[in-house]
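The sequence and structure are shown first.

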Amino acid sequence: MGVVNVTPDSFSDGGEHLDPDRAIAHGIALRDQGAAIVDVGGESTRPGATPVEPAEEARRVLPVIAGLVDAGVAVSVDTRHAEVAAAAIGLGVRVVNDVGGGADPAMAATVAGADVHYVVMHSRGPAGSAAEYDDVVRDVRDELAARVVRLVDAGVDPARVILDPGLGFSKTGEHNWALLARLGELVSLGRPVLVGASRKRFIGALLPDGAPMRDRDLPSAVVSALAARAGAWGVRVHDVASSATALAVADRWAAGAVAPGTGTRTGTGTRTGTGTGTSPGTGTGPSSGTRPGR
Ligand code: PMM
């Protein structure tokens with residue numbers, strides 16, 4: 001899943017794609033570099049960012065979504081507002097990526113009646129804040145599982161739900177690394193899992209002070225490969241080219257586990273994108289093949 005932020009102030013690429021034509025060209029380029037889905041957002045989740053009204057958010061994202069859909073790109077809308085999600089669905093998005101974690105009470109009904117997949121991202125608060133957890137991985141897993149139950153009650157097809165731990169949203173770097181290291185506990189819920197680590201502050205913390213944002217793409221790509229090996233369905237990234245290469249390595253690594261001449265897997269590694277049987281990777285889903293969306 002490649003990211004196009006149509007915002008003046010996103011922390012990693014703010015202001016680069018405010019012009020709709022540039023944003024559309026960037027989304028097409030991300031698709032051409034290997035993104036199965038392009039995620040379009042109009043509100044920065046950067047710590048301290050000014051909240052954006054749905055009307056302004058819609059004004060930013062809808063022309064870009066329309067242009068990308070016209071160009072045949074599978075599009076996801078990154079929003080916490082049901083109103084924006086509904087308008088984007090009307091334009092043909094394939095995925096609603098709810099960064100509000102279901103905070104908008106109208107969101108469940110909006111996606112329940114639509115032909116879309118729905119990303120439920122975990123959050124107890126905005127990016128930059130940190131909540132108290134007993135055990136962050138168990139708590140996030142339990143809260144996501146409870147959210148799926150509420151969604152099903154509201155009429156959402158569970159086969160269309162994608163889970164996301166919401167790295168950095170009400171979580172410290174330590175929390176984020178624990179969630180990555182124990183990703184299998186989220187995968188074990190039996191739903192596709194999306195991971196959004198790209199260029200985040202905890203990735204930047206691995207680099208020398210003052211390193212430019214672009215330097216975060218290499219460690220982000222390494223996270224993509226490791227997340228794939230851990231069973232993630234997809235990764236949400238800004239630099240698609242580096243993650244596409246990293247995922248090709250992970251795929252090839254997994255394919256090497258097939259015993260020659262037998263077609264039988266050896267070892268215990270999990271081949272990305274094939275494990276759940278519920279992946280939106282077939283039919284009308286947003287990604288195709290055995291690789292995760294990115
Ligand atoms: N992170 C950001 C925005 N949207 N969506 C999902 N599903 N998961 C994430 O981790 C996520 C997201 C913040 O990053 P950005 O400002 O670079 O887009």
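Which polar side-chain atom lies 2.8 Å from a nitrogen atom of the ligand? The atom belongs to D78. The model is predicted, so local features need pLDDT of at least 70 and side-chain atom pairs pLDDT 80 or more, while totals for chains, interfaces and linings use all residues. Numbering starts from 1 along each chain as its sequence is written, and side-chain values use heavy atoms, without hydrogens and water.

**Ligand site**

- The ligand is surrounded by 16 residues (a heavy atom within 4 Å), and the closest are N97, D164, K200, R236 and H238.
- This shell comprises six nonpolar, six polar and four charged residues (Ala, Val, Leu, Ile, Met, Phe, Trp, Tyr, Cys and Pro are nonpolar; Asp, Glu, Lys and Arg are charged; the others, Gly among them, are polar).
- An N or O atom in the side chain of N97 lies 2.7 Å from a nitrogen atom of the ligand.
- The side chain of K200 places an N or O atom 2.7 Å from an oxygen atom of the ligand.
- Of the 410 Å² of accessible area that the ligand has on its own, the protein covers 98% (Shrake-Rupley method, 1.4 Å probe).

**Cavity**

- One cavity of 30 Å³ or more is present (points on a 1 Å grid over the protein atoms alone where a 1.4 Å probe fits but cannot get out).
- The largest cavity holds about 40 Å³ of space, the volume being that filled by probe spheres set on the points, which are joined across faces, edges and corners.
- Its lining (an atom within 4 Å of a point) consists of V195, A197, S198, S220, V223, S224, V235, R236 and V237.
- Helix α9 (residues 217-229) gives the most to this lining, with three residues; helices are DSSP runs of H or I with at least four residues, numbered from the N terminus.
- By class, the lining has five nonpolar, three polar and one charged residues.

**Aromatic pair**

- The count is one aromatic pair (ring centres within 6.5 Å, with the six-membered ring used for Trp).
- The rings of W177 and F202 have centres 5.1 Å apart and planes at 75 degrees, so the pair is edge-to-face (over 60 degrees).
- W177 in helix α6 (residues 173-181) and F202 in helix α8 (residues 201-204) are 25 residues apart, and the pair links distant parts of the chain.

Technical notes. On a 1 Å grid over the protein atoms alone, a cavity is a set of points where a 1.4 Å probe fits but cannot get out, and a pocket is an open set with protein on both sides within 12 Å along at least five of seven lines; lining residues have an atom within 4 Å of a point. Helices (H or I, at least four residues) and strands (E, at least two) are DSSP runs, numbered from the N terminus. A polar contact is a pair of N or O atoms within 3.5 Å; within protein, one must be able to donate a hydrogen and the other to accept it, and residues adjacent in sequence count only if both atoms are side-chain atoms. Rings of Phe, Tyr and Trp (its six-membered ring) pair if their centres lie within 6.5 Å; planes under 30 degrees apart count as stacked, over 60 as edge-to-face and the rest as tilted.
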